[in-house]
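Take a walk through this model. Start at the metal site, then move on to a helix and a loop.

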Amino acid sequence: MSAEVFYRAMGLQGYWIVDVWESRGGEIEVLVEPPRESLRCRCCRSRRVHVHERKLRSWKDTPFAGKPVLIVMQSPRVRCLNCGAKTWHQPTFAAGQKRYTKNFETYVCGWLSRVTIQDVVETCGLSWDTVAEIDQRRLKRLGGPELKSLKRLAIDEVHVGKLHRFLTLVYDLDSGAIVSVSKGRGQKALNGFFSRLKRAGVFIQAVATDMAGGYVAAVMKHLWPTQLIFDRFHVVKLMNEKLTKLRREMYRELKDVQQREVLKGVRWLLLKNPENLKQTARVDERSRLAEALKLNEPLAQAYYLKDELRLFWQQDSKSSAAKFLDDWCRRAEATGIRVLRTMSHTLRGHRVGLLNWYDHPISTSPLEGTNNKIGLLQRRAYGYRRYDHFKLRLLTLHHTKFTLAG
Ligand SMILES: [Zn+2]
């Protein structure tokens with residue numbers, strides 16, 4: 001009975017353990033032998049076979065008592081008396097031509113859900129490709145997203161430096177999971193996933209996206225009458241870009257060296273929200289910013305309009321938000337400043353999607369945690385060398401237990 005437990009734990013039921021020894025390298029080697037009566041032809045399953053030849057093969061197994069374990073077998077090749085085929089014995093403890101046991105794969109998977117591929121390569125003594133292959137099988141088993149349950153989505157894009165490409169990601173805002181990963185940007189990148197949703201008869205209530213035309217077109221084409229919401233963080237980001245552009249223009253026009261220095265030093269302060277400006281005995285960001293704004297009337301106008309734009313999402317109702325937006329646009333145009341005029345034009349063009357926020361107050365902000373994980377995945381030497389693998393990793397990111405820190 002006791003030996004039986006051991007055999008089963010090692011996945012060696014049905015084999016004889018002929019010998020166990022420790023190699024000079026400190027490896028435990030277990031020599032096994034398939035009982036004669038278990039040999040079969042792999043073509044016709046007949047037991048009427050002769051052992052034709054043997055070859056020494058070995059399989060990496062789960063470490064035992066801190067030592068690596070190797071299963072060794074004089075693997076038989078049998079000739080079938082029934083159909084004449086010559087076939088190699090397929091061990092039950094390993095799959096196909098793999099050089100490691102099924103137990104070992106389970107063991108590696110346990111690690112892969114907690115540490116990086118590189119960590120596993122180093123501790124388990126496997127090649128990168130082997131670990132990557134095991135990881136891909138593991139991720140596939142975790143399963144894809146359940147389309148039927150999707151209600152509210154967000155679309156965003158990331159640039160993956162290692163793969164030299166942009167990826168378009170679709171998130172399920174209710175679970176935080178990434179439900180689609182596709183190459184490229186714009187409408188084309190979303191056609192595949194959205195038509196799958198359409199075919200599955202899934203009704204999406206709302207989609208948050210940036211104001212880029214491509215995504216809007218894809219949502220309109222496939223998911224209508226879904227409500228489209230322009231993500232507030234993308235709007236704020238765009239406004240910040242306009243402000244930076246204006247500051248740069250102003251800087252170039254200035255002749256006075258001292259004034260230029262003042263303007264140069266406030267680049268980041270302009271983008272901060274006023275309540276986040278530092279004011280201590282040593283650092284007084286508020287005064288520095290006030291000084292720069294005093295010097296520069298257009299920059300001051302743009303700065304205050306930028307700050308005010310945030311109030312758009314704090315109105316009591318959709319109708320007061322509409323009034324607020326129109327008023328903001330009117331004042332931005334009245335300044336006569338080019339970057340503000342274009343911003344106003346953009347906001348007017350996306351008025352409906354901006355106001356839809358009052359029906360579905362969604363944004364891509366809950367995804368920040370996920371995006372940080374993606375950033376870390378890329379930055380650290382995880383080195384997903386193949387797109388398919390990286391894609392699988394993203395689609396199962398919500399299963400990731402480890403913090404990816406360090
Ligand atoms: Zn046969």
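This is a predicted model: local features need pLDDT of at least 70, side-chain atom pairs count only at pLDDT 80 or more; totals for chains, interfaces and linings use all residues.

Cys-83 is one of the zinc ligands. The zinc ion is coordinated through SG atoms of Cys-41, Cys-44, Cys-80 and Cys-83, at 2.3 Å. Along the chain, these donors follow the spacing C-x2-C-x35-C-x2-C. What is the arrangement of the four donor atoms around the zinc ion? It is tetrahedral, because the donor atoms subtend angles of 104 to 118°. The criterion requires all angles to lie between 85 and 135 degrees. Cys-80 has a relative accessibility of 2%, so Cys-80 counts as buried.

Next, turn to helix 7, residues 232–253. The helix has 22 residues, and at 1.5 Å a residue they should span 32 Å. The end C-alpha atoms are 32 Å apart, so the span agrees with expectation. Which residues of helix 7 are buried? Among them are His-234, Val-235, Met-239, Asn-240, Lys-242 and Leu-243. The list also includes Thr-244, Leu-246, Arg-247, Met-250 and Tyr-251.

Finally, look at Ser-363. Ser-363 lies in the loop between helix 14 (351–355) and helix 15 (368–379). Its relative accessibility is 9%, so Ser-363 counts as buried. What does Ser-363 touch, leaving aside residues up to four places away in sequence? The contacts are Leu-173, Ala-208, Asp-231, Arg-232 and Phe-233. Of these contacts, Arg-232 and Phe-233 fall within the residue range of helix 7, 232–253.

Terms used
Residues are numbered from 1 along each chain as its sequence is written. Side-chain values use heavy atoms; hydrogens and water are left out. Helices (H or I, at least four residues) and strands (E, at least two) are DSSP runs, numbered from the N terminus. Buried means under 20% relative accessible area, exposed over 50%, partly exposed in between (1.4 Å probe, protein chains only). Contact means heavy atoms within 4.5 Å. Donors are N, O and S atoms within 2.8 Å of the metal (3.2 Å for Na, K and Ca); water is not among the atoms, so sites may look incomplete. Four donors count as tetrahedral if all angles lie between 85 and 135 degrees; four count as square planar and six as octahedral if opposite donors are over 155 degrees apart and all others between 65 and 115; anything else is irregular. The expected span of a helix is 1.5 Å times one less than its number of residues.
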